[in-house]
Amino acid sequence: MGGFEGHLFPGLSLFFYGLYHARLVSRALICNYPIQYPPRRPWSKGRWARLQQIYYVGFVKILSACILVAQELHSVQGQFVLISKIYHQRNFLYRKQWQHLTLYMTFFLSGCVDVVSQNVLPQRCAALEQGAQALGIFLFVALMVSHVQDSEGVELQSHVLLTQAMFLLSLVVIAELWAPNMPQLRVMKAFFYMVTGSWLMQIGFMLFKPISGHKWMDDDKNDVVFVTTFFCWHVAFIAILMIWIYGFSFLWYCYIC
């Protein structure tokens with residue numbers, strides 16, 4: 001996730017994934033649908049009948065992971081190797097890039113599990129999907145902890161806040177393994193996914209393309225303090241967005257549809 005695009009694209013993926021879950025849980029609460037198993041469209045005759053029965057979330061995860069991997073490899077200058085041996089010394093190269101690729105591969109595997117569970121197996125295995133998702137988030141937290149070791153100032157503070165949000169998200173998805181039908185956990189999962197995604201995009205703007213045109217200074221305490229303030233604004237914005245999604249869903253399913 002180096003560079004502006006390396007923060008923007010993963011942030012968009014996480015934000016829209018959280019938005020998808022916010023829509024699902026809102027519909028489930030309003031229409032009394034099962035949270036784990038959203039209803040399928042009824043079978044229809046015609047050439048495209050089978051496509052209406054396919055769950056596309058797993059395919060979108062796979063496509064997003066492939067795009068992120070391609071973007072990461074494109075940003076590497078020189079030969080992309082794991083270890084260089086010069087004068088009988090072993091040196092690990094591109095450590096942050098390998099961390100990013102490891103993270104993207106966990107999302108790729110989670111997408112593959114979703115596709116197999118939702119479209120291939122005779123009976124959907126939601127526990128398998130949630131386990132793969134929890135594994136990916138857990139690895140995300142572990143990688144983020146080591147990712148900030150050589151950071152300082154604004155970059156360190158922003159990534160610490162991101163790690164905190166990811167840690168809370170990991171607790172939610174792990175708890176969901178034992179209580180898959182609890183709507184409160186689904187609401188919190190959607191919330192933290194959107195918080196993580198929006199804040200990851202904000203980090204890209206702060207570090208590489210500040211909207212004000214002035215670079216954030218690591219030695220300015222005001223800049224470091226305002227990073228936390230902006231994070232709190234993101235949390236409040238996502239909370240308002242969640243309320244708006246539920247309100248719009250209520251109007252849509254109760255009065256329009």
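**Entry 1: the chain**

I count as helices the DSSP runs of H or I with at least four residues and as strands the runs of E with at least two, numbered from the N terminus. The model is predicted, so I note its limits: local features need pLDDT of at least 70, side-chain atom pairs count only at pLDDT 80 or more, and totals for chains, interfaces and linings use all residues. Residues are numbered from 1 along each chain as its sequence is written, and side-chain values use heavy atoms, with hydrogens and water left out.

I went through the protein chain and found seven helices and two strands. Along the sequence I wrote down the pattern α-α-β-β-α-α-α-α-α. The protein chain has 257 residues, and 42% of them are buried (under 20% relative accessible area; exposed is over 50%, partly exposed is in between; 1.4 Å probe, protein chains only).

**Entry 2: helix 1 and helix 2**

Two packed helices are described by the angle between their axes and the distance between the axes. I looked up helix 1, residues 3-31, and helix 2, residues 57-74.

Which residues of helix 1 meet helix 2? I listed Glu 5, Gly 6, Phe 9, Pro 10, Ser 13, Tyr 17 and Tyr 20 on the helix 1 side. On the helix 2 side I listed Val 57, Lys 61, Ser 64, Leu 68 and Gln 71.

**Entry 3: salt bridges**

Side chains of opposite charge can pair when their charged atoms come close. I searched for salt bridges (a side-chain nitrogen of Lys or Arg within 4 Å of a carboxyl oxygen of Asp or Glu). The count came to four.

One of them joins the side chains of Arg 124 and Glu 129, at 2.8 Å from N to O. I checked Arg 124 and Glu 129 for burial, and both are buried.

Another joins Arg 186 to Glu 176, with 2.1 Å between the closest N and O atoms. Arg 186 is in helix 6 and Glu 176 is in helix 5 (residues 153-178), so this pair links distant parts of the chain, 10 residues apart. Arg 186 and Glu 176 are each buried.

Glu 176 also forms a salt bridge with Lys 189, where the closest N and O atoms are 3.2 Å apart. Because Glu 176 lies in helix 5 and Lys 189 in helix 6, the pair ties together parts that are 13 residues apart in sequence. I noted Glu 176, Arg 186 and Lys 189 as a network of salt bridges.

Is Lys 189 buried or exposed? I read 2% relative accessibility for Lys 189, so Lys 189 counts as buried. Lys 189 lies in helix 6, which covers residues 183-207. Leaving out residues up to four places away in sequence, I found that Lys 189 touches His 21, Gln 133, Leu 169, Val 172, Val 173 and Glu 176.

Met 206 is in helix 6 too. Its relative accessibility is 2%, so Met 206 counts as buried. With residues up to four places away not counted, Met 206 touches Ser 158, Trp 199, Trp 216 and Val 227. Met 206 and Trp 216 are 10 residues apart in sequence, and their C-alpha atoms are 6.8 Å apart.

**Entry 4: Leu 143**

I placed Leu 143 in helix 4, residues 126-147. Leu 143 and Thr 102 are 41 residues apart along the chain, and 8.8 Å separates their C-alpha atoms. Leu 143 touches Gln 99, Thr 102 and Leu 103, not counting residues up to four places away in sequence.

**Entry 5: a nonpolar surface patch**

Last, I looked up a nonpolar patch on the surface, made of Leu 29, Trp 244, Tyr 246, Phe 248, Phe 250, Leu 251, Trp 252, Tyr 255 and Ile 256. Patch residues have over 30% relative accessible area and no salt bridge; nonpolar side chains (Val, Leu, Ile, Met, Phe, Trp, Tyr) are joined within 5 Å, like charges within 9 Å. Together the residues of this patch have about 980 Å² of accessible area. Helix 7, residues 221-256, gives the largest share, eight residues. Phe 250 is found in helix 7. I read 34% relative accessibility for Phe 250, so Phe 250 counts as partly exposed.

Note on methods. Areas by Shrake-Rupley, 256 points an atom, 1.4 Å probe, with all protein chains shown as cover. Axes fitted to C-alpha atoms, helices over the stretch in contact; angles between N-to-C directions. Contact = heavy atoms within 4.5 Å.
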